[in-house]
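Please keep the sequence and the three-dimensional view at hand while reading.

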Amino acid sequence: MLFKAVKPVVQVALLIVGITMVCFGVMRGEADAVLAKAIRLCLECIGIG
Amino acid sequence: MARFRGLIQAAATLATNIHLPNFAKGGIYQGAGKAVCVPGLNCYSCPAASGACPIGSFQSVVGSSKFSFSYYVTGTLILIGVLLGRFVCGFLCPFGWLQELLHKIPSKKLSTKKLKPLTYIKYAVLLFAVVLLPVLVVNDVGMGDPFFCKYICPQGVLEGAIPLSIMNVGIRSALGKLFSWKLAILIVVAVLSVLFYRPFCKWICPLGAFYALMNKVSLLGIQVDQCKCVSCGKCAKVCQMDVDVTRTPDHAECIRCGKCVGACPVDAISFRYGLGVTGDKPAQSTQACENK
Ligand code: SF4
Ligand code: SF4
Ligand code: SF4
């Protein structure tokens, strides 16, 4: 019952947290790290590493 | 929408792997789109992959010497989780779709109802193979292995190693024990998928585990109108994820496939989207229902 009351608040809070985390991650270069990994063949994924 | 689920799953798989000519070239797409995570489990070593696998990306960021946590990937997963929850599993994930297709192969079908404790394995896989081990087990220069990708995930072999090794002799000759191990996992998952409904999703997948945790707070939900429900149990019977939607509409295992919506003879079950949507519309009193 209590969760029902706070659910919209939790949802909005999580959306804000999510957007903030994405922006912070991009700012500190994580998106570049993801790109660098994803455009090279991942040896561990295909079973060579 | 649930009626067109197969088509949506096919379209989502195509959108997630749009660079099809790369299969013939034996190389992978290397454009800027690879900086963005796709919602489902889809290996970035698939020649056609349009984006990055969120589970692979998380491990590669935390396993690098520069970072020990990924705000970018976690934030992306929180956003997808709040917006869609496990709808991703039911409609958008290529590996979920593959398991469903395999399950359509005529054979004896086995129930997973008595194997419910196994559904907790996927949370351990998420915690250890994805989050902890890549950060804690590092080499001299502070880099950790992507444990889930390296030792568990069958997608890398299916989408990456197999098509690439067919077209590329260099890759073919480099495949060793690790490939054999993961090929064995892929074969086991494929065989189990014929017998059981979505065994990898239910028991192993760390991405499914994350979305499962988000199902309770997702904007997309399923609502059961208790005034209309005649307790016939048809919804629970049709559910292949072993969920009784009348009891737990936001159950972690519900992949929002919508089969229960179609099975209900009195249209008591419906998809809902929005802030504060709750799973059940309770029948406060018989009178409250009669007044409706
Ligand atoms: S549980 Fe994992 S593999 Fe299954 S549909 Fe969800 S994300 Fe895909
Ligand atoms: S409860 Fe309904 S929507 Fe959820 S998995 Fe079962 S049949 Fe699909
Ligand atoms: S199928 Fe409909 S009427 Fe039957 S138990 Fe489920 S919600 Fe109630």
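The points below cover one chain, one contact between helices and the surroundings of the ligands. The model is predicted. In chain A, three helices and zero strands are present. The space taken by ligand 2 is the largest cavity, while ligand 1 sits in the second largest cavity.

**Chain A**

- Chain A follows the pattern α-α-α when read along the sequence.
- Taken along the principal axes, a box of roughly 50 × 25 × 10 Å is filled by the C-alpha atoms of chain A.

**Contact between helices of chains A and B**

- Two packed helices are described by the angle between their axes and the distance between the axes.
- Helix H2 of chain A (residues 30-38) packs against helix H4 of chain B (residues 71-84) at an angle of about 90°, and their axes are 8 Å apart.
- Angles of 65 to 115 degrees count as roughly perpendicular, and H2(A) and H4(B) are therefore roughly perpendicular to each other.
- On the H2(A) side, Glu30(A), Ala31(A) and Val34(A) meet Tyr71(B), Tyr72(B) and Val73(B) of H4(B).
- The residues of this contact of H2(A) with H4(B) comprise five nonpolar, no polar and one charged.

**Ligand 1**

- The residues surrounding ligand 1 include Cys89(B), Cys93(B), Cys201(B) and Cys205(B), together with Arg86(B) and Arg198(B).
- Phe95(B), Phe200(B) and Leu207(B) are also among the residues around ligand 1.
- Three helices of chain B, H6 (94-103), H12 (199-203) and H13 (206-214), each supply at least two residues of the shell around ligand 1.
- By class, the shell around ligand 1 holds seven nonpolar, two polar and two charged residues.

**Ligand 2**

- Around ligand 2 lie residues including Cys239(B), Cys254(B), Cys257(B) and Cys260(B).
- Arg256(B) and Lys259(B) also belong to the surroundings of ligand 2, as do Ile222(B), Met241(B) and Val243(B).
- The shell around ligand 2 is made up of nine nonpolar residues, one polar and two charged.

**Ligand 3**

- Ligand 3 has among its surrounding residues Cys229(B), Cys232(B), Cys235(B) and Cys264(B).
- Others around ligand 3 include Ser231(B), Lys234(B), Thr246(B) and Pro265(B).
- Eight nonpolar, three polar and one charged residue form the shell around ligand 3.

How values were computed
Residues are numbered from 1 along each chain as its sequence is written. Chains are lettered from A and ligands numbered from 1 in the order in which they are written. This is a predicted model: local features need pLDDT of at least 70, side-chain atom pairs count only at pLDDT 80 or more; totals for chains, interfaces and linings use all residues. Side-chain values use heavy atoms; hydrogens and water are left out. A residue is near a molecule or strand if one of its heavy atoms lies within 4 Å of it. On a 1 Å grid over the protein atoms alone, a cavity is a set of points where a 1.4 Å probe fits but cannot get out, and a pocket is an open set with protein on both sides within 12 Å along at least five of seven lines; lining residues have an atom within 4 Å of a point. A molecule sits in a cavity or pocket if more than half of its atoms lie within 2 Å of its grid points. Ala, Val, Leu, Ile, Met, Phe, Trp, Tyr, Cys and Pro count as nonpolar, Asp, Glu, Lys and Arg as charged, and the others, Gly among them, as polar. Axes are lines fitted to C-alpha atoms, for helices over the stretch in contact, and angles run from 0 to 180 degrees between N-to-C directions. Helices (H or I, at least four residues) and strands (E, at least two) are DSSP runs, numbered from the N terminus. Angles under 35 degrees count as roughly parallel, over 145 as roughly antiparallel, 65 to 115 as roughly perpendicular and the rest as oblique. Contact means heavy atoms within 4.5 Å.
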